[in-house]
Amino acid sequence: MSANTNIESVQREDRVFEPPPEFAAKAHIKSMAELEALRAEATSDPEGFWARLAESELHWFKKWDTVLKWEPPHAEWFVGGKTNISYNCLDRHLGTWRRNKAALIWEGEPGDTRTLTYQQMHTEVCRFANVLKRIGVEKGDRVALYLPLIPELAIAMLACARIGATHSVVFGGFSSTALVDRINDAQCKVVVTADGGWRRGNEVKLKPAVDEALKETPSVKSCIVVQRTKSKIHMESGRDHWWHELIETVDANCAAEELDSEQPLFILYTSGTTGKPKGILHTTGGYLLQAHLTTKWIFDIKDEDIYWCTADIGWVTGHSYVVYGPLSNGATALMYEGAPNWPEPDRFWDIIERHRVNILYTAPTAIRAFIKWGEQWPLKHDLSSLRLLGTVGEPINPEAWMWYHRIIGRERCPIVDTWWQTETGAIMITPLPGATPTKPGSATKPFPGIEADVMTRDGKPVGANEGGYLVIKKPWPAMLRTIYGDDERYREQYWSQIDGVYFAGDGARKDRDGYFWIMGRIDDVINVAGHRLGTAEIESALVSHEAVAEAAIVAKPDDLKGSAIVAFVTLEGGRVPTDELKEELRKHVTKEIGALARPDEIRFADALPKTRSGKIMRRLLREIATSGSVAGDVTTLEDFSVLEKLRTEEE
Ligand code: PRX
């Protein structure tokens, strides 16, 4: 099989959902004509388009001299401009009626709540920025944030941004080893953590993991600890300080630094295919513009909305769509600390009903879990406040899309399926809910100003419905600037695979209407009898069977066909794994896609190995299917017992 062979696409989905007219009438972008006009403007003069919006939507202390400096593969946006994200997210609202508006409505897993207005957020951020300065953090220094999903995490990010320090948020579920790697890679000076957080009724202890990590991180001079669970922890004298004590020692005024547009804002680590995580570096002005604008247009945020993105801030989704995008827009964002099934599987619906949430943004993996737990849970609740739904993180299979549409959206709410990556910083391919007709399973079309395409490995555009490699053809404001400390890897990974374009690493096809259908990571593509198939499509076919809750497809070497298809399947509650069912599922895939995609082997499992952000780790399943054991890196795995079980079932 040559590397230039395209990926075959086998999925077909014909349903189309028009934007509801009453939604469109009130939306920021109200029609296809309006959207097309924006696209046309952006295509004919991309720099002019972004500059116009940067000027009208954001505060600049000093305007830029050059919109874009593009020396491939390095882009700089709004060069010479001075701004500050913390100022844009807080200070600029204080002179308006929004001063007293809720910026953040937070709910802890045990049920405790906190609401912070823009004025209160501003005070907290200023105080913490002063704390950082007092302990010696300077512009350009890196600060690691290893916290539960509590307001202090957003406050600490904004405080770093305020003084020009670069934050590196490490998801609170990561182990101390993962923390060591990330702290050392970025040479962080300070770690901000908490005693612990709450998850499924249990305390997730953070400080002990930090204590362990700090034995191997010579760059760290201080550790600041938020008191959340009040469990007993060790405080190292001279190194560790309580957050609540430090903020008493500083005043509540801290002017936002006038920072270069290209001042590094954050590093966020994302797993590569080979062990070492990549520190994705984002900067200030361009990132803010795209996070702001996508939040406004895609989530159609209005002042009266309560908007809830369920992502943890440990992921890029939480950076752009829990913190920076919503606050820059002066919106009210909800934040929930804990698990969706605590104390019962209806926690999300309960939160939506109680807080009257209007916009919900979550992940397909969560939606599939809700389907598995049963529709009786959402049906118990009044979800009539919802007006818009979103998904991100994986291809959403049409079955799950339809369930989300029917059971959560009650056939009333548009769904925005948003494609993007840690690297892209903000949403890239997406419907605009008042303008774009949607098709279940398609992220539809690029956001205005984004030039995406599908190409062969040697850089030729593919025809309609032919699978290929998803690429971005022009630099965009929120794009990653490099991999921290490894510019060569940045060049190699993203800009050298196909000449002259950004290589996203995803397979995709465009249909006749130009709609993008993401087929999953290229590394997960399997090659059966000379056909390259995206795993997402076969998985989607399996999940469309009523007995199946989740499915993961991997290939294992096969003498005859090159690869054999192995399906790992979890069943809906109450369904019994039998050989008859295996046969039925094979037939079902044959019917849905064709004999080509028929799984050679089906293995039932209680659960699938996932990363902590909910992505199925097919790499591990591939190892299990092939050799029966796992030798590769498992530091990003959420639940080790899943792997153990799969292994034992195998033996
Ligand atoms: O494979 C795509 C998938 O998630 C990858 C990016 O993962 P990460 O950097 O962790 O960021 C997740 C949140 C932005 C992509 O390369 N992905 C993300 N959104 C979608 C998606 N696949 C299909 N449809 C989506 N809407």
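Around the ligand there are 15 residues, of which Asp417, Thr418, Thr422, Asp506 and Arg521 come nearest; a residue is near a molecule or strand if one of its heavy atoms lies within 4 Å of it. The model is a predicted one, in which local features need pLDDT of at least 70, side-chain atom pairs count only at pLDDT 80 or more, and totals for chains, interfaces and linings use all residues. Residues are numbered from 1 along each chain as its sequence is written, and side-chain values use heavy atoms, with hydrogens and water left out.

**The ligand and its surroundings**

By class, the shell around the ligand consists of five nonpolar, five polar and five charged residues. In this scheme Ala, Val, Leu, Ile, Met, Phe, Trp, Tyr, Cys and Pro count as nonpolar, Asp, Glu, Lys and Arg as charged, and the others, Gly among them, as polar.

| Residue | Atom of the residue | Atom of the ligand | Distance |
|---|---|---|---|
| Gly393 | polar backbone atom | nitrogen | 3.0 Å |
| Asp417 | polar side-chain atom | nitrogen | 2.7 Å |
| Gln421 | N or O atom in the side chain | oxygen | 2.9 Å |

Taken alone, the ligand exposes 540 Å², and the protein buries 91% of that area. Accessible areas come from the Shrake-Rupley method with a 1.4 Å probe; for residues, only the protein chains shown count as cover.

**The nonpolar core**

In soluble globular proteins, nonpolar side chains tend to be buried together. The largest nonpolar core here has 149 residues, and Met121, Phe128, Phe299 and Tyr324 touch the most other members. Such a core is a set of buried Ala, Val, Leu, Ile, Met, Phe, Trp, Tyr and Cys residues joined through side-chain atoms within 4.5 Å. Buried means under 20% relative accessible area, exposed means over 50%, and partly exposed lies in between (1.4 Å probe, protein chains only).

Helix α6 (residues 151–163) gives the most to this core, with 10 residues. Helices (H or I, at least four residues) and strands (E, at least two) are DSSP runs, numbered from the N terminus. The core lies between domain 1 (21–68 + 285–483 + 495–518) and domain 2 (85–102 + 115–257), because both give residues to it. The domain bounds come from an automatic or database domain assignment.

Helix α11 (residues 316–328) is largely enclosed by the rest of the structure, because 13 of its 13 residues are buried. Just after α11, Gly330 takes a positive phi of about 70°.

Helix α15 (residues 398–408) contains Met402. With a relative accessible area of 15%, Met402 is buried. Met402 and Pro440 stand 38 residues apart in sequence, and their C-alpha atoms are 6.9 Å apart in space.

**Backbone features in loops**

Where are the cis peptide bonds described here placed? One joins Pro72 to Pro73, with omega near 0°, and Pro73 sits in the loop between β1 (66–71) and β2 (74–79). Another runs from Trp342 to Pro343, with omega near -5°; Pro343 belongs to the loop between β17 (332–336) and α12 (347–355).

Arg200 is not a glycine, although its phi is positive, at about 50°. Its place is in the loop between β9 (196–199) and β10 (202–205), and at 37% relative accessibility Arg200 counts as partly exposed. Asn465, a residue other than glycine, has a positive phi near 65°. The loop between β21 (452–455) and β22 (467–472) holds Asn465, which counts as buried at 17% relative accessibility.

**Further residues**

Glu18 lies in the segment before α1 (21–26) and counts as exposed at 56% relative accessibility. Between the C-alpha atoms of Glu18 and Pro448, which are 430 residues apart along the chain, the separation is 19 Å.

Asp240 is placed in strand β12 (residues 240–242) and counts as buried, at 8% relative accessibility. Asp240 and Val192 are 48 residues apart along the chain, with their C-alpha atoms separated by 9.6 Å.

Technical notes:
A polar contact is a pair of N or O atoms within 3.5 Å; within protein, one must be able to donate a hydrogen and the other to accept it, and residues adjacent in sequence count only if both atoms are side-chain atoms.
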